[in-house]
Amino acid sequence: MQKTIAIVGAGLGGLTLARVLQAHGVAATVYEGEASATTRAQGGLLDIHEETGKVAIRTAGLYDEFLTLVRPGEDAKRVVDRHGTILFDMPADPGSARPEVDRGELRRLLIDSLAPGTIRWGHKLASIRHRPKGGYVLTFAEGSATRADIVIGADGAWSKVRPLLTPAEPVYSGTCFLETALTSGGQNHRASVTAIGSGTLMAVAPGKGIIAHRYADGHVRGYVALNKPETWMRSIDFGDPSAGLRQVADEFDGWSPLLTAFVTESDAEPWLRPIYALPVGLEWDRVPGVTLVGDAAHLMSPFAGEGANLAMYDGADLASELVEQLDTEAALTAYEERLFARSGDAADRSARNLEGFFGREAPQSVVTLFGRS
Ligand SMILES: Cc1cc2nc3c(=O)[nH]c(=O)nc-3n(C[C@H](O)[C@H](O)[C@H](O)COP(=O)(O)OP(=O)(O)OC[C@H]3O[C@@H](n4cnc5c(N)ncnc54)[C@H](O)[C@@H]3O)c2cc1C
């Protein structure tokens, strides 16, 4: 009898895992806490890497569909200082090895590729326990429970599955993000939008930055990044959104108004997002029938641009191993050996990039970083 597989979390990692299993005739159920595919905007662009994200998408048999999502011309990168002076300008490359796609569209592609009923929406895992006879009992917040022989935690940063394997918890990196947008296409802020170029603008200085991406249809999304203690975040009051945005913009005193307009004029729902990371090089001992993929296993800051790419790669790698090996434990052991090696490298790079991005040498450190890649 085929073992029952429960995947917790319908992010890019869990969905890729389910897709590759299904493509090989192996059934799995994905339990997702959110009520539907559209509960939360998935916004933001991802550049998909040759050695990780693209490999996963090919393994999932979705490469042709993926190519229709690529946003040509949006991979341009520009680095400026606080005055808006251009220090690095990389034009768009139509044949880029790292094409940009919208995260929501990529997630939708994966969701639509699964057999109907594979994803159980509105199933937020509340607790999980090992059964003495083997396998696990998963209990969901809305009261139902289910059993599974194999459980894969694809439930992101605050994974409820991870404590079965390790007591490690994410730690605040010292940098927080505020999401920003000019959804109307910035009609009133033409000069600011033009300053972006055709892709992503990064205005950086020690301890802070304004990042803005211009979509082909003209609208702009981005982030403000600030190195601040968690107590500072609690002092920002978005009860009056414009007043909250002005408080954040005050941190950019002396910066070009072309840049601060991305903060003060933002029409995104204002919320501060502290960037957390799991310890670099996190590993655990094998526990029968359970493992992790993606952020649940190796949450890292976004500064290596690898988190989503690795989540998909983990999903595809684990699924391939489970399909090929009759012995589940041998499959999980082989998967975890590779997982630890690749995620340790990426987490290390990401932590160093985060330090460099907003460190004392910024913006020159960012110019050097992009000049190298
Ligand atoms: C600002 C920012 C920018 C980024 N930019 C990039 C980039 O350019 N390139 C890149 O590769 N990566 C980027 N990342 C990282 C990337 O977003 C993550 O690494 C990636 O989304 C991880 O995918 P995942 O499937 O592991 O987890 P997630 O995407 O977090 O998905 C987890 C899923 O599990 C569900 N879930 C959580 N708890 C439960 C529960 N208890 N029960 C059931 N379901 C649950 C969640 O609702 C969610 O759907 C960025 C991250 C941030 C914060």
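**Ligand and helix contacts**

Reader: Which residues come nearest the ligand?
Author: This is a predicted model. There are 33 residues around the ligand, and Glu32, Arg103, Leu125, Asp295 and Ala308 come nearest.

Reader: What does Glu32 do there, in atoms? How far is its polar side-chain atom from the ligand oxygen?
Author: The distance is 2.6 Å, from a polar side-chain atom of Glu32 to an oxygen atom of the ligand.

Reader: What about Gly33: backbone or side chain?
Author: Backbone. An N or O atom there is 3.0 Å from a nitrogen atom of the ligand.

Reader: New topic. At what angle do α1 and α10 cross?
Author: Roughly 30°. Helix α1 covers residues 12–23 and helix α10 residues 307–324, and their axes come within 7 Å. Angles under 35 degrees count as roughly parallel, so α1 is roughly parallel to α10.

Reader: Is the crossing left-handed or right-handed?
Author: Right-handed.

Reader: Which residues of α1 meet α10?
Author: Leu12, Gly13, Thr16, Leu17, Val20 and Leu21. On the α10 side, the partners include Ala308, Met312 and Leu322. The contact has 12 nonpolar, four polar and no charged residues.

Reader: Now α11 and α12. How are they placed?
Author: Helix α11 (residues 328–357) packs on helix α12 (residues 364–372) at about 140°, with axes 8 Å apart. That makes α11 oblique to α12.

Reader: What touches what?
Author: Asn353, Gly356 and Phe357 in α11 meet Ser365, Val366, Leu369 and Phe370 in α12. By class, that is four nonpolar, three polar and no charged.

Methods
Residues numbered from 1 in each chain as written. Predicted model: local features only at pLDDT ≥ 70, side-chain atom pairs only at ≥ 80, totals over all residues. Heavy atoms only, no water. Axes fitted to C-alpha atoms, helices over the stretch in contact; angles between N-to-C directions. Helix = DSSP H or I, 4+ residues; strand = E, 2+ residues; numbered from the N terminus. Parallel < 35°, antiparallel > 145°, perpendicular 65-115°, else oblique. Left-handed = near helix turned anticlockwise from the far one by under 90°. Contact = heavy atoms within 4.5 Å. Nonpolar A, V, L, I, M, F, W, Y, C, P; charged D, E, K, R; others polar. Near = heavy atom within 4 Å. Polar contact = N/O pair within 3.5 Å; in protein donor to acceptor, adjacent residues only side chain to side chain.
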